[in-house]
2 protein chains.
Amino acid sequence: MRDDDIATAMRALGHPVRLNILRILATQQQSPCCCSDVTVSLPLAQSTVSQHIKVLLDAGLIERKSRGTRNCYTIRHDRLAELGAAYTGLLAGLTGGPVKELEMDPV
Amino acid sequence: MRDDDIATAMRALGHPVRLNILRILATQQQSPCCCSDVTVSLPLAQSTVSQHIKVLLDAGLIERKSRGTRNCYTIRHDRLAELGAAYTGLLAGLTGGPVKELEMDPV
DNA sequence: TTCTTTAATCGGTACATTACGATAAAAGAA
DNA sequence: TTCTTTTATCGTAATGTACCGATTAAAGAA
């Protein structure tokens with residue numbers, strides 16, 4: 001996972017509403033969960049929720065499946081696990097100490 | 001760890017430059033590492049680096065120690081580990097399914 | 001004291017994010 | 001066909017972020 005991808009995913013998780021959206025998607029895992037299902041659980045406008053969903057989508061943390069007239073979203077556990085592994089790797093590099101080969105991604 | 005704190009920490013890690021700053025701090029763990037030490041390793045102005053450091057500081061991911069005329073920064077591994085635990089807890093809640101009862105530790 | 005070093009902060013610019021209501025497009029029902 | 005539902009997107013305003021150069025304040029050296 002490149003630094004840019006880690007940063008993008010971290011930023012996607014860097015808003016309380018989006019953490020809650022993930023939790024809402026998780027609770028309705030049996031039945032397909034669409035944007036309106038998420039919206040009724042949050043004190044936000046539909047357009048705002050849709051925007052937050054897009055951030056999670058662009059970060060690759062959730063997946064969209066068109067089902068009839070609605071779009072259903074599911075959590076991408078594989079990507080969340082990947083991010084966890086990347087974070088663990090980051091920590092390992094930081095605790096390592098003396099010499100750590102750091103390759104700077106082009107900023 | 002509250003959602004707001006998780007989000008703040010995630011956002012602090014949500015920029016490639018700040019990931020590199022953590023790595024730079026880690027490589028110079030023996031000798032105290034100050035702002036100028038970080039700046040020479042990055043293609044950014046001192047004021048910009050200072051700003052990024054402040055974000056990490058406000059998120060509680062690094063610590064400042066005034067040493068003479070310079071401010072030395074060290075990684076707060078405890079807080080990084082806390083964030084990792086919070087992330088693990090988040091994942092557990094998401095994979096759980098219907099209703100997730102979080103935290104059950106009798107203190 | 002004055003001079004230098006270090007780093008936070010200020011002022012400014014450009015762009016991104018978050019929120020909203022309103023609109024448009026797509027799919028199913030009538 | 002028309003009507004409804006659903007949701008992405010548009011337009012907009014307020015706020016936040018990222019970067020810079022310039023300035024200020026603090027500490028040490030001369």
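**Exercise 1. Find which residues of helix α2(A) are buried, and describe the helix.**

Solution. The buried residues of α2(A) are V17(A), R18(A), L19(A), I21(A), L22(A), R23(A), I24(A), L25(A) and A26(A). Here buried means under 20% relative accessible area, exposed means over 50%, and partly exposed lies in between (1.4 Å probe, protein chains only). The model is predicted: local features need pLDDT of at least 70, side-chain atom pairs count only at pLDDT 80 or more, and totals for chains, interfaces and linings use all residues. Residues are numbered from 1 along each chain as its sequence is written, chains are lettered from A and ligands numbered from 1 in the order in which they are written, and side-chain values use heavy atoms, with hydrogens and water left out.

Next, take the count: nine of the twelve residues of α2(A) are buried, so the helix is largely enclosed by the rest of the structure. Finally, take the length. Helix α2 of chain A covers residues 16-27 and reaches 17 Å from its first C-alpha to its last, close to the 16 Å expected at 1.5 Å a residue. The expected span is 1.5 Å times one less than the number of residues. Helices are DSSP runs (H or I, at least four residues), numbered from the N terminus.

**Exercise 2. Describe the interface of chain B and chain A from the side of chain B.**

Solution. Start with contacts, meaning heavy atoms within 4.5 Å: 38 residues of chain B touch 35 residues of chain A. The buried area is about 3200 Å², and carbon and sulfur atoms give 68% of that. Buried area is the accessible area (1.4 Å probe) that two parts lose on being put together, summed over both. In chain B, R23(B), Y87(B) and L94(B) lose the most area to chain A, together 20% of what that side buries.

Then look at pairs across the interface. There are two salt bridges, a salt bridge being a side-chain nitrogen of Lys or Arg within 4 Å of a carboxyl oxygen of Asp or Glu. One of them joins D3(B) and R23(A), with the closest N and O atoms 2.9 Å apart. R23(A) is buried, with a relative accessible area of 18%.

Last, assign the elements. Helices α1 (3-12), α2 (16-27) and α5 (77-96) of chain B each supply at least two residues of the side that touches chain A. Of these, α5(B) gives the most, with eleven residues.
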